[in-house]
Amino acid sequence: MNRFFPAIVLFFSPLFAEEYTIYTKERPPFSISGIIDSNKTFYYFTNAYEPKCDIVANGCFMKTNVKAEIISEDIIKVGSSYYCSEDHIKARKKSNPKPVLSGRFGDLDYGYGDCTKDGWQAKPASFYD
């Protein structure tokens, strides 16, 4: 039993856990996001009450029968919609740190926007007010 214990610990170690990139279609009024597995199957995020998660990776993701098309390292296409990686969205904000004019709340960038084939397109917060 003692010699099998290290093998069990290594097998279930987080080092062997698959890591997923979270892709986002739009923010707000909803944050529509998902992940893809190694077979390019798309899983959508849900925060529904007591869901049966197909994958738990920084949230609950439900499997679909839809295959994603990889456009670039940071953009995927699912059906007719584009999804941008969180790293891409953060890089866009970092490369263009000027706040977006948001109307009644002043100049703030909340990360609102839509993903397109060309990448993340920011929208001002006032767009949703």
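Student: How many aromatic pairs does the structure hold, and what makes two rings a pair?

Tutor: The structure holds two aromatic pairs, where rings of Phe, Tyr and Trp (its six-membered ring) pair if their centres lie within 6.5 Å, and planes under 30 degrees apart count as stacked, over 60 as edge-to-face and the rest as tilted. This is a predicted model, in which local features need pLDDT of at least 70 and side-chain atom pairs count only at pLDDT 80 or more, while totals for chains, interfaces and linings use all residues. Residues are numbered from 1 along each chain as its sequence is written, and side-chain values use heavy atoms, with hydrogens and water left out.

Student: Why is the pair of Phe42 and Tyr83 called tilted?

Tutor: The ring centres of Phe42 and Tyr83 are 5.1 Å apart and their planes stand at 55°, so the pair is tilted. Phe42 belongs to strand 3 (residues 41-46) and Tyr83 to strand 7 (residues 81-85), 41 residues apart, strands being DSSP runs of E with at least two residues, numbered from the N terminus.

Student: Why is the pair of Phe45 and Phe61 called edge-to-face?

Tutor: With centres 5.7 Å apart and planes at 65°, the rings of Phe45 and Phe61 are edge-to-face.

Student: Are Phe45 and Phe61 buried, partly exposed or exposed, and how do you know that?

Tutor: Buried means under 20% relative accessible area, exposed over 50%, and partly exposed in between (1.4 Å probe, protein chains only). Phe45 has 33% relative accessibility and therefore counts as partly exposed, whereas Phe61, at 0%, counts as buried.

Student: How do you know that Cys84 and Cys115 form a disulfide?

Tutor: A disulfide is a pair of cysteine sulfur atoms within 2.5 Å, and the sulfur atoms of Cys84 and Cys115 are 2.0 Å apart. Cys84 lies in strand 7 and Cys115 in strand 8 (residues 113-116), so this pair ties together parts that are 31 residues apart in sequence.

Student: Why is the disulfide of Cys53 and Cys60 called left-handed?

Tutor: The torsion about the S-S bond of Cys53 and Cys60 is about -120°, so this disulfide is left-handed, whereas the link of Cys84 and Cys115, with 80° about the S-S bond, is right-handed.

Student: Which residues make up the largest nonpolar core, and what makes a set of residues a core?

Tutor: A nonpolar core is a set of buried Ala, Val, Leu, Ile, Met, Phe, Trp, Tyr and Cys residues joined through side-chain atoms within 4.5 Å. The largest one has seven residues, namely Tyr23, Ile36, Phe42, Ala68, Ile76, Val78 and Tyr83.

Conventions
Helices (H or I, at least four residues) and strands (E, at least two) are DSSP runs, numbered from the N terminus.
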